[in-house]
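Me: Could you take a close look at one part of this model for me, the helix packing? I'd like to hear which residues are involved and what else is going on around them.

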Amino acid sequence: MQGVALITGASSGFGAASARHLAAHGWPLIICGRRRERLDALATELAPLTPVLALELDVRDAAAVKRAIDELPAQFVGIQLLVNNAGLALAPGPAQTVALSDWHTMIDTNITGLVNVTHALLPRLIAWGAGASIINIGSTASGNPYPGSHVYGASKAFVQQFSFNLRCDLQGTGVRVTDLSPGIAETEFSLVRNAGNEGAAEAVYRNTTPLTADDVAEQVAYIAALPAHMNINRMEVVPVCQAWGPYAIHREMSA
């Protein structure tokens, strides 16, 4: 029996691509996001393949999340897979130049939103048992600091550690947990991060071959389809062009 997959941040990027890949594999879907028109368009696109429920939802609102889960139609209550994808990066400048509101937005979405949805769905995932999965979309930034990452990287470090700690608590329930951490990928991510500045966003990917949303979505579908006795604790996926940088050492100008 095939359970339902719930995907947050499904209106674009990794979330929308994951919905398409999971639908192609026969997963009934609950697609969540804040942009109703995009969700409806995606639901219409995927409806010939699988049952789809589009939920306009702000994951930062714990009460709204709980209400949405409690009021699911009977066809969609059997949730087997949670893809915690909703997240964003803002303000790529140095920490000392960034607005505090941008930090709060990243924390509220990347951390608070993720735990809101996870907490609301844990009873359903545990009830499903063997073969249930939580896939948290992390980032290589969780363990590789770089200038301008400040709260974004810290929030993804939370995602990684939260994923590992969930694995410990859920041992024996059959529920699997994976931190799926992509590297540089060409989506709307950089456009949002650069406050809509298309030139700055395009510069991130110039003269290189980044991952695509489909590359990451393929990994989501792969992890979800693993035999019930297998768990991938963490999967880090990067394009060949991306590797680690040298240590940054500040040197004073000689007199």
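Reply: First, a term: relative accessible area under 20% is buried, over 50% exposed and anything in between partly exposed (1.4 Å probe, protein chains only). A99 is partly exposed because its value is 38%. This is a predicted model, where local features need pLDDT of at least 70 and side-chain atom pairs count only at pLDDT 80 or more, while totals for chains, interfaces and linings use all residues. Numbering starts from 1 along each chain as its sequence is written, and side-chain values use heavy atoms, leaving out hydrogens and water.

A99 sits in the loop between β4 (79–84) and α4 (100–128); helices (H or I, at least four residues) and strands (E, at least two) are DSSP runs, numbered from the N terminus. From A99 to V52 it's 47 residues in sequence and 38 Å in space, C-alpha to C-alpha.

Now for α4 and α5. Their axes come within 9 Å and cross at roughly 15° (lines fitted to C-alpha atoms, for helices over the stretch in contact, with angles from 0 to 180 degrees between N-to-C directions). So α4 and α5 are roughly parallel (under 35 degrees; over 145 is roughly antiparallel, 65 to 115 roughly perpendicular, the rest oblique). The crossing of α4 over α5 is right-handed, the near helix being turned clockwise from the far one by less than a right angle. On the α4 side, the contact (heavy atoms within 4.5 Å) uses W103, M106, I107, N110, I111, L114, V115, T118, L122 and I126. From α5 come H150, V151, Y152, S155, F158, V159, F162, L166 and L170. That contact splits into 15 nonpolar, 4 polar and no charged residues (Ala, Val, Leu, Ile, Met, Phe, Trp, Tyr, Cys and Pro are nonpolar, Asp, Glu, Lys and Arg charged, the others, Gly among them, polar).

There's 1 aromatic pair in the structure. F158 and F162 have ring centres 5.5 Å apart and planes at 15°, so they're stacked (Phe, Tyr and Trp rings, six-membered for Trp, pair with centres within 6.5 Å; planes under 30 degrees are stacked, over 60 edge-to-face, the rest tilted). F158 and F162 are 4 residues apart in α5 (residues 150–170), so about one helical turn separates them. F158 is partly exposed, at 30%.

A16, A19, R20 and A23 of α1 meet L42, E45 and L46 of α2, giving 5 nonpolar, no polar and 2 charged residues.
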